[in-house]
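Q: I would like to learn how to read a few features of a protein structure, one after another. Could you show me the model and take me through them slowly?

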Amino acid sequence: MNERDILIVGAGTAGLTAAIYVQRAGRHAVLFEKSAPGGQIVTANEIQNYPGFVSVNGADFAYRLYDQAVRLGAEFLSEEVLEIIPADHSVTVRTAAGTRTGRALIYAAGASHRRLGLPEEEKLIGKGISFCANCDGAFFRDKRVAVNGGGNTALDDAVYLSRMASEVYLIHRRKEYRAEEALQKQIAEIGNIHPILDTVITGLKENDGHLSGLRLQNKDSGEETELAAEGLFLAIGMKPETGLLKGIVKLDDAGYIIASEDTRTDVPNIFAAGDVRKKQVRQLTTAAADGTAAAIQAVSL
């Protein structure tokens, strides 16, 4: 074991921020990432809600974080982690290429948004399809948008979007929303929010590479319709990438890591940063804050 090594699983905003702070503290960050560095933000066409950037492309933002971490000396390994093995004073990570043991582990593998599973979906992410109303709502000012989902997040998104979009269509596959009663009453009082219940999205229409509409089907009658919309906000749940830590640290019923605000888990040398951690707000800024906190805690061991 190299006592200087702090292992980091995931090279999104949380993981890369952690690497920067680890390096600046005189320790050595070893980043494991199974795909390209940057995480989900790479697909964003434009970011306007990160302090210090009036506007920045998601891929450019991710590269700047990655470049800063690597320039400081962080080691980036393009390898998928297969197993995490904790010990009293160390943590070992196993990949297909071998094992690496460090003093502590910062787990920042993120969470993936649940998809519709439609063939056109992936290429329209960032081109009309979004998973974050707070992040991207401003791009749809005075436009027609749809929100898919029936929980608190979906209804919150609809309320937020109603302040800028011309029309908001709230599509849910059940006959009733699952959200809190207060939220349901709130959307009923907003004139430009239009509920579409007992309905699923069966197809996506595009124009010049951007989303232009939705194909819908009523589950009860089977009737098929089309809805013109330039934006679709998916709020049908998230799946945290925490399978590697099952049985190692405490997880909640949804699979998120239970950790304190300083990112400490119930295992003293394992820290949870970013979207994998159970919390209320998940933004770029909160991911960076988690990465900062996790690094400071890890290097203090």
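A: Let us begin with alanine 146, which is found in strand E10, residues 144-148; strands (E, at least two residues) and helices (H or I, at least four) are DSSP runs, numbered from the N terminus. This is a predicted model, in which local features need pLDDT of at least 70 and side-chain atom pairs count only at pLDDT 80 or more, while totals for chains, interfaces and linings use all residues. Residues are numbered from 1 along each chain as its sequence is written, and side-chain values use heavy atoms, with hydrogens and water left out.

Q: Is alanine 146 buried or exposed?
A: A residue is called buried under 20% relative accessible area, exposed over 50%, and partly exposed in between, with a 1.4 Å probe and protein chains only. Alanine 146 counts as buried because its relative accessibility is 0%. Its C-alpha lies 8.6 Å from the C-alpha of leucine 234, although alanine 146 and leucine 234 are 88 residues apart in sequence.

Q: How many disulfides are there, and which cysteines does a disulfide join?
A: A disulfide is a covalent bond between the sulfur atoms of two cysteines. The rule used here asks for a pair of cysteine sulfur atoms within 2.5 Å, and by this rule the count comes to one disulfide. Cysteine 132 is joined to cysteine 135, with an S to S distance of 2.2 Å, and their link is right-handed, with 70° about the S-S bond.

Q: What is the accessibility of cysteine 132 and of cysteine 135?
A: Cysteine 132 has a relative accessibility of 18% and therefore counts as buried, whereas cysteine 135 is partly exposed because its relative accessible area is 24%.

Q: What is the phi of aspartate 142, and where is the place of this aspartate 142?
A: Most residues other than glycine have a negative phi. Aspartate 142, although not a glycine, has a positive phi of about 65°, and its place is in the loop between helix H4 (133-136) and E10. With a relative accessible area of 64%, aspartate 142 is exposed.

Q: Which value does phi of aspartate 198 have, and is aspartate 198 buried or exposed?
A: Phi of aspartate 198 is near 55°, which is again a positive value in a residue other than glycine. Aspartate 198 sits in the loop between strand E12 (193-196) and strand E13 (199-207), and with 11% relative accessibility aspartate 198 counts as buried.
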